[in-house]
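Good morning, colleagues. Please keep the model in view as I speak.

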Amino acid sequence: MEGLRVVFMGSPAPVVPVLEALDVYARAHGWTLAGVYAAPARPAGRGRGMRPAPVAERARDLGVPVFTPARLRAEEEQERFRALRADLVVLAAYGLLLPPLFLGPDEPGGPSYGALNVHPSLLPRWRGASPVASAILAGDAESGVSVMRMDEGLDTGPVLACERVWLDGTERTPELTDRLFSLGARLLTRSIGPYLAGALVPVPQPQEGITLCGRWRKEDGLLDFTRTAAGLERQVRAFDPWPGAYTTWRGQRLEVLDARVGEGHGEPGEVIAHGDGFAVGTGEGLLVPLRVRQEGKRALAGQEFLRGQRSLLGAWLPS
């Protein structure tokens, strides 16, 4: 099947291994990586200079044409895609919904083999924009990655292959995301050949066990101390780095960067001494902040923060 033309669509750093694996596979099989789509450059760093998406940077290193449209439905973007003569689209955390043209041969100029999505969840669980954080927040015992053929729904297409991983309750979103997309890169290259040959037939997703997840907002990170300490500890791990888990102290945002569940009891929001540091009462158990950062300041260990904020003991944090 030499001469196949493939387009990759993705943006953040964790999916760079998927691009790299696809590039190696394409070269080995005489294919052409005809183009890479990524999110437009955005302000970053202290100087707020414009920085390309990591996938765009890596694609340029590989010598692949890069496209960064803000919208895909504009007629000029549709014509540009048709000009690529793509036989297959591969997507991983791109960030935009694909118009019908990008999904398959039903539209003139669409890819004859459709579009494959490397999605970091065990579909149909956690369809949507934040599957990794949602799995951690929910306390799931397992996660995984799925390779699916895309349709016009939100992660509703039939699945080619999936691979699961067991979670031990210490995972944080960045590390688990990297792990799942690295696994997804290998799963994609194992699946793509049999799929194109017709030996691997996508299987419709079951109608049971469907869960949806959206994009997190900044206010979603606020810690509600009426919840259980175990749930709040998961929130700290799930919301790293966005939107962050936080409370307020003296009118300022106080981020909880790392925490554990402690033995004992306090009323929800009550700050009490705990070892060398402090703990906060919750609806069930104690949340022990191990590392915190007050607005505009550097991160501190919990006990170090307490040394400079002795009035914190006996105070009440909002719930």
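I begin with Arg82, which is partly exposed because its relative accessible area is 26%; here buried means under 20% relative accessible area, exposed over 50%, and partly exposed in between, with a 1.4 Å probe and protein chains only. A word on the source: this is a predicted model, in which local features need pLDDT of at least 70 and side-chain atom pairs count only at pLDDT 80 or more, while totals for chains, interfaces and linings use all residues. Residues are numbered from 1 along each chain as its sequence is written, and side-chain values use heavy atoms, with hydrogens and water left out.

Arg82 forms a salt bridge with Glu75, their closest N and O atoms being 3.7 Å apart; the term requires a side-chain nitrogen of Lys or Arg within 4 Å of a carboxyl oxygen of Asp or Glu. Glu75 is also partly exposed, at 48%. The count by this rule is 16 salt bridges. Another of them joins Arg58 and Glu20, at 2.7 Å from N to O. This pair links distant parts of the chain, 38 residues apart, with Arg58 in helix α2 (residues 54–61) and Glu20 in helix α1 (residues 16–28). Helices (H or I, at least four residues) and strands (E, at least two) are DSSP runs, numbered from the N terminus.

Which partner does Arg298 have in a salt bridge? It is Glu304, with the closest N and O atoms 3.2 Å apart. Arg298 is exposed, at 57%, whereas Glu304 is partly exposed, at 30%.

I turn to the aromatic residues. The structure holds seven aromatic pairs, a pair being rings of Phe, Tyr and Trp (its six-membered ring) with centres within 6.5 Å; planes under 30 degrees apart count as stacked, over 60 as edge-to-face and the rest as tilted. Tyr37 and Phe102 are edge-to-face, 6.0 Å centre to centre with 85° between the planes. Tyr37 is buried, at 0% relative accessibility, and Phe102 is buried, likewise at 0%. Together with Phe67 and Phe81, these residues form one aromatic cluster.

Finally, the strands. Strand β9 (residues 142–149) has six of its eight residues buried. Strand β7 (residues 115–119) pairs with β9 in the antiparallel sense over four bridges, where pairing requires at least two DSSP bridges between two strands. Strand β10 (residues 159–166) also pairs with β9 in the antiparallel sense, over seven bridges. Ser146 in β9 stands opposite His119, and its bridge partner in β10 is Cys162.
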